[in-house]
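Please keep the sequence and the structure in view while reading.

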Amino acid sequence: MQNQDHKKVINILVSVLLLVFITDTQTLRAQNPVKKIVKQVFSTEKDSTRSGVFMILPALGYAQETGVEYGVASNYNFYLNKKDSSIRSSNILLMGTYTSKKQSNIKLQADLWTTNNDYHIISEIRYRDWPSNFYGIGMDTKKADEDLISQKLFRAKIEVEKKIAPKYYTGINLQYDYFKFRDKETDGIFNEAPLLGKAGGQQLLVGISQLYDNRNNVSYTTKGYYARAKLAYAPKLWTKEDFEGVNFDADLRVFFPLHQKVTLAGQAIYRSTFGKTVPYYAYRDLGGDMMMRGYYIGRYKDKNYLASQAELRYRFHPRFAIAGFTGLGSVFSKEYQARFVPSYGGGLRYFFSLEHSSNIRLEYAYGEQRPGEKRQSGFYLSLSEAF
């Protein structure tokens, strides 16, 4: 068995805010490099040219199952049409890490808004050759049963939504996934579990989405509502164990300004998978750096996932903010009952772009403490808000 405590890895992202290679696409005229950095990091002035902003975070870490890990996370915020004052900020995110044990994790994501916000386009290309822990299915799994799984994933996804009414969009989406798994422990619970698709498989998801979005800012929202529902069907195209069924995802968010500098934000999500064949890779995971922070992603896994979170944000300086959050969530199915567990924590934000309200999020979160186990917790260093 591997010790999950050793997995506190890549969040040692050598940023220290390292005053982080912040590179504005408009060259600053300051001659002194130190003054140039200080001006860029602490300035309270917005860029009147509406230029794009590029951020790079170097990454370095270590885990027993991966060895030394190194790489970068980069983010580019920009406007597709700088002349359109109503257009929302677009974003391209590229992350890539490699380990001394020849494992890799590469992700390229784009979230684009066209002129007049007529079209919203989301895309993703991902390759992952990375170990993960399996604990079983449902909410009553034990840390002592932790089983290390070798997994490979290739993903290609595109979603296009068209505005058909003020703030309302309808869209189509297409996603292809290829999975491959191998239990690194021959006597582990993964090999013993009665699950389909334990060797891997493929799925092609074809679906539709509906979106209502009147947020005042997509990067750091202080007012508005967001409601998105997505339904995707996976036909049987390959083997008898591949996913054949439907995914349904709903995401609701609300933002209330309590003060000029204080925002109360809330989110609720529901994710469900059902059909004739539902393999292991189609199950839903609880945890991660976006929802139910404080839990190792996949610590609890099942066919359905329901969770909510609330966050109080205080932006006390144009460049800095603090936040506290709490959440509640569970996975469940006909076979395994729901058991809602808590999440809570807080952290700091640094805004590397005032024009786009783009930030770095530094947080620590806590989860439940099960009998005989340490309290679950996690440290997160991420680009952008959780929601």
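How many nonpolar, polar and charged residues does the lining of the second largest pocket have?

## The second largest pocket

In this predicted model, the lining of the second largest pocket has 14 polar residues, together with 9 nonpolar and 7 charged ones. The pocket holds about 600 Å³ of space, and of the 30 residues that line it, Lys46, Asn217, Tyr220, Arg315 and Ser357 lie nearest its centre.

Two strands, β12 (262–277) and β15 (304–317), each supply at least two residues of this lining, and the largest share, 3 residues, comes from β15.

## Salt bridges between separate parts

Side chains of opposite charge can pair when their charged atoms come close. The count of salt bridges in the model comes to 30. In one of them, the side chains of Arg284 and Asp249 meet at 2.9 Å, N to O; because Arg284 lies in strand β13 (residues 284–286) and Asp249 in strand β11 (residues 244–257), the pair ties together parts that are 35 residues apart in sequence. Arg284 is buried, with a relative accessible area of 11%.

Another salt bridge joins Glu385 and Arg313 at 3.8 Å, N to O. Glu385 lies in the segment after β19 (377–383) and Arg313 in strand β15, so this pair ties together parts that are 72 residues apart in sequence; both Glu385 and Arg313 are buried.

## A buried pair and a network

Glu368 and Arg370 also meet in a salt bridge, at 3.9 Å, N to O. Glu368 is buried, with a relative accessible area of 10%, and Arg370 is buried as well, with a value of 17%. Elsewhere, salt bridges that share partners join Arg293, Glu311, Arg313, Arg349, Arg361, Glu363 and Glu385 into one network.

How values were computed: Residues numbered from 1 in each chain as written. Predicted model: local features only at pLDDT ≥ 70, side-chain atom pairs only at ≥ 80, totals over all residues. Heavy atoms only, no water. 1 Å grid on protein atoms, 1.4 Å probe; cavity = no way out; pocket = protein on both sides within 12 Å on 5 of 7 lines; lining within 4 Å. Points joined across faces, edges and corners; volume = space filled by probe spheres on them. Helix = DSSP H or I, 4+ residues; strand = E, 2+ residues; numbered from the N terminus. Nonpolar A, V, L, I, M, F, W, Y, C, P; charged D, E, K, R; others polar. Salt bridge = Lys/Arg side-chain N within 4 Å of Asp/Glu carboxyl O. Buried < 20%, exposed > 50% of the residue type's maximum accessible area, 1.4 Å probe, protein only.
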